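Thanks for coming, everyone. Let me put the structure up, and then we can walk through a few local features.

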Amino acid sequence: MRNYSIIVLLVLCFSILHFSLIAQNFRRDITPGDTLKSIQILEDNSVILRVYAPGAEEVLLIGSDIPGVEFAAKMEKRDDGVWEIKVGPVTPGAYRYAFLIDNVFTLDPKNTSTSESNMNLWSLFYVQGESFMDLKDVPHGQISEVYYYSKSLKRFRRMHVYTPPGYENGKGRYPVLYLLHGAFDCDDSWPSVGRAGFILDNLIAEGKTAPMIVVMPAGHTGPFYFGMPPESFSIKPFIEDFNNDIKPYIEKHYRIKLDRVHTAIAGLSMGGYQTLSIAIPNLDEYGYIGVFSSGIFGITGEGSTFTEEGAKFEDINRRFLMNKNLKKGLNVFWFATGKDDFLIETTRATVDMFKKYGFNVTYVETEGGHTWINWRRYLRDFVLLLFK
């Protein structure tokens, strides 16, 4: 035993010496990047963003929702190798961003807050000042990453599920909202940049809405990118996955109320079109439908990735559109789009089509465009109408 102890002691001493020598070899001078504050939010809600890139020739800030940036803005280089830019003032809320350093997409190395989108990861910052989505001292629900096997797609898939405060310790059943994302997003987008969990926490704490389960699935079943051929993308695989796998999984594994009056579905942009494509043929299952910055893609006759499918929507679903009994159980049919949104005419044409068939549609036009600045507010406004 004594010899064994001596051997162990010698090994430990050798290891400490070895790692000490390695640490010495990796020593380097302190740079401005080591102590850099990459995000500085000023009192007027202007934001200064910085990145240390002393060898770079050009650095751009990119982020489509940041007011004034318009997808990309040039940053200025300081003498110490730090690049910076001042933007805003910006509306309170969450903002995705990244740096394009000599044409290389780069996350902020000094910021651990991130948000996933379709095939990308973004850095994220939040500007306080919007009560309905700020982090507050209230009971908080949980958002879980849930993995399931899709028999429709023959592979494992992921979704995010919000459960309200007290769900884990209770036995009661809850209403459910299925919440879909847009074309350049993923199932992480509503929980992160969309602030869905905080929005629900605050509304529930204030007694403005019923505690509910919110299911945020992945709306893409394959690649989707700028410039892809329209014929290579279809929402049909997702609809099959939703109807045959996602919804049955939720009904089996979560304590939800299964009747129509306690079931809602909503989505933004692509997710809004998916919402209509799921809910209208199954209208007896949904008492609440929300469509944000969206409608039936292709209904105006203009070019769209979804034009071929969208152009057939009315013909395919005519028997549901004409069924008066199904309309009676639809408590809320709510649309909202910004006046500067490129899909505004799609929304207007879709609303007119449903009104033609006798649907009681509520349509709200707001300021702004196709951004998360609007979608977070639309979620709040829609949730306030649910399960009354």
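One term before we start. Helices and strands here are DSSP runs, and both are numbered from the N terminus. Keep in mind that this is a predicted model.

Strand S6 covers 82-87, and strand S7 covers 93-101. Pro89 sits in the loop between S6 and S7. Look at the peptide bond joining Gly88 and Pro89. It is cis, with omega about 10°.

Now to the sheet that contains S6. Strands of a sheet pair through backbone hydrogen bonds, either parallel or antiparallel. This sheet is open and has four strands, in the order S1-S2-S6-S5. The pairing is antiparallel. Which strands are at the edges? They are S1, residues 39-41, and S5, residues 76-77. Each of these pairs on one side only.

Zoom in on S1 and its partner S2, residues 47-52. Three bridges join the two, and they run antiparallel. Within that pair, Ile39 stands opposite Leu49 of S2.

Next, backbone angles. Arg195 is not a glycine, yet its phi is positive, about 55°. You will find Arg195 in the loop between strand S13 (176-180) and helix H2 (196-205). Is Arg195 buried or exposed? Its relative accessible area is 10%, so Arg195 is buried.

One more residue. Phe387 also is not a glycine, and its phi is positive at about 55°. It belongs to the segment after helix H10, which spans 372-383. Phe387 counts as buried because its relative accessibility is 13%, and the cut-off for buried is under 20%.

Key. Residues numbered from 1 in each chain as written. Predicted model: local features only at pLDDT ≥ 70, side-chain atom pairs only at ≥ 80, totals over all residues. Heavy atoms only, no water. Pairing = 2+ DSSP bridges. Buried < 20%, exposed > 50% of the residue type's maximum accessible area, 1.4 Å probe, protein only.
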